[in-house]
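Subject: Structure handover

Hello,

Here is the structure I said I would pass on. My notes on it follow below.

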Amino acid sequence: MKIHEYQAKALLARYGVAVPRGKIASTAAEAESAAKELATPVVVVKAQIHAGGRGKGGGIKLAKSPAEAKEAASKILGMTLVTPQTGPEGKKVHKVYVEEGSDIARELYLGLVVDRESQRVVVMASTEGGMEIEEVAAHSPEKILKEIVDPAVGFQGFQGRRLAFALGLKGGSVHKFAAFATALCKAFVQEDFALVEINPLIITKGGDVFALDAKINFDDNAEFRHKAWAELRDLNEEEPHEIEAKKFDLSYIKLHGNIGCLVNGAGLAMATMDIVKLHGGEPANFLDVGGGANKEKVSNAFKVILSDPSVRCIFINIFGGIMRCDVIADGVVAACREMGVKVPIVVRLEGTNVNEGKKILEESKLGLHFVTNMRDGASQAVKLAGGK
């Protein structure tokens, strides 16, 4: 789950992470009032969407007066902002964040993520603030500094100072950076973040340390511990199909292809997407119905796929272990009969109750295309979707 910049900054501020003052606005008039209240020579008007690269798309503007803030907000609000992270369809801007201007001396990067290799939280820092960290990793990996956090003792002061010195900080900025990083680590653990990025983290000409931007992703597996997360969700920023899938407790992610995938097991689902791409196709979604799904859940999963107008073919790839093939078949037939089938369906079934499952599908008279393995299934799906 993602949240907006203004929400992230408010949350981090509660843990002592230094952020500039700012106010959220939904109208140009509110933006003007916010600029008056901040009473600084310069304010920054920022589009609030769940994507980075806003400045490149015209979603961040400087204003030297409340009137200019109003004008900037009127241009940003309602626009469809296209950035490298939104895709060509872009995202509509419903809110702007009006923030006091900062006297920037340096821009740095600071981020935290769970490192699977070390099974620890890792703190990453770089002198390349403002750059996308993926670009830095690809072209200048030596510029990414790392500190591994021991869960028994947490992030230590010496680690913060070591990063600060490696970043070239001096004087009071060293201790301010260490305190900033320590507070960020505390928030990461306490609030169950999956990712937090401060990009850029700025050093002012006076030596202060601030989060000029803040990106937070929550770990959805910890949602049961944080009832307040529900108030932070912005459904305008979420894919409608994903919202619908979440109602049925489905692991679903909308993609940009035209081959719908119904699979059980996350590993098999990723393998299915890979083999579809290998044969020249593009998956329309990631969908794992899970090992213990019943007929209703499978039916709902299939309905979500069928409701996507970009889908030109559906590839059902099931290896039944805990998940029974006859349950999958019952769910597919129920969904098809309720919604109607306008696209071809390729089916590969193996495992528990496979013969029963195939019999149900064959007797349904839905005109399905049966295959015996993943390779043939992917190849057939790509052809039927209008690919190779």
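A polar contact here is a pair of N or O atoms within 3.5 Å, where one must be able to donate a hydrogen and the other to accept it. The side chains of E197 and Y109 make such a contact, at 2.7 Å. Please keep in mind that this is a predicted model.

E197 and strand 10

E197 sits in strand 10, which runs over residues 193–204. Its relative accessibility is 14%, so E197 counts as buried, the cut-off for buried being under 20%. Leaving aside residues up to four places away in sequence, E197 touches Y109, L110, G111, I133, D213, A214 and K215. Strand 10 also holds P200. The peptide bond that leads from N199 into P200 is cis, and its omega is near 10 degrees.

Overall figures

The protein has 388 residues, and 48% of them count as buried. There are 13 helices and 18 strands. The C-alpha trace spans about 75 × 50 × 40 Å along the principal axes. The accessible surface comes to about 18500 Å², and carbon and sulfur atoms account for 51% of that. Among contacts with a separation of 6 or more, 67% are between residues 24 or more positions apart. In terms of charge, there are 49 positive and 49 negative side chains. The centres of these two sets lie 1 Å apart.

Helix 13

Which residues of helix 13 are buried? In this helix, residues 374–384, they are M374, G377, A378, A381 and V382. These residues lie on the same side of helix 13, because they cover an arc of only 125 degrees around the axis. R375 and K383, on the other side of the helix, are exposed. The cover over the buried residues of helix 13 includes strand 14 (259–263), helix 9 (266–278), strand 16 (313–320) and strand 17 (345–351).

Both ends of helix 13 have something to note. After the helix comes G386, which has a positive phi, near 95 degrees.

L232 belongs to helix 7, residues 229–232. At 23% relative accessibility, L232 counts as partly exposed. L232 and K2 are 230 residues apart along the chain, yet their C-alpha atoms are separated by 8.8 Å. Not counting residues up to four places away in sequence, L232 touches M1, I3, Q7 and F218.

Positive phi outside glycine

D249 is not a glycine but has a positive phi of about 60 degrees. D249 is in the loop between helix 8 (240–247) and strand 13 (251–254). With a relative accessible area of 62%, D249 is exposed.

K365 is not a glycine either, and its phi is positive, at about 60 degrees. The loop that holds K365 lies between helix 12 (354–363) and strand 18 (369–370). K365 is exposed, its relative accessible area being 72%.

Regards

How values were computed:
Residues are numbered from 1 along each chain as its sequence is written. This is a predicted model: local features need pLDDT of at least 70, side-chain atom pairs count only at pLDDT 80 or more; totals for chains, interfaces and linings use all residues. Side-chain values use heavy atoms; hydrogens and water are left out. Helices (H or I, at least four residues) and strands (E, at least two) are DSSP runs, numbered from the N terminus. Buried means under 20% relative accessible area, exposed over 50%, partly exposed in between (1.4 Å probe, protein chains only). Contact means heavy atoms within 4.5 Å. Accessible areas come from the Shrake-Rupley method with a 1.4 Å probe; for residues, only the protein chains shown count as cover. Lys and Arg count as positive and Asp and Glu as negative; His and the chain ends are not counted. The place of a charge is taken as NZ of Lys, CZ of Arg, CG of Asp or CD of Glu. The arc is that of the directions from the helix axis to the C-beta atoms.
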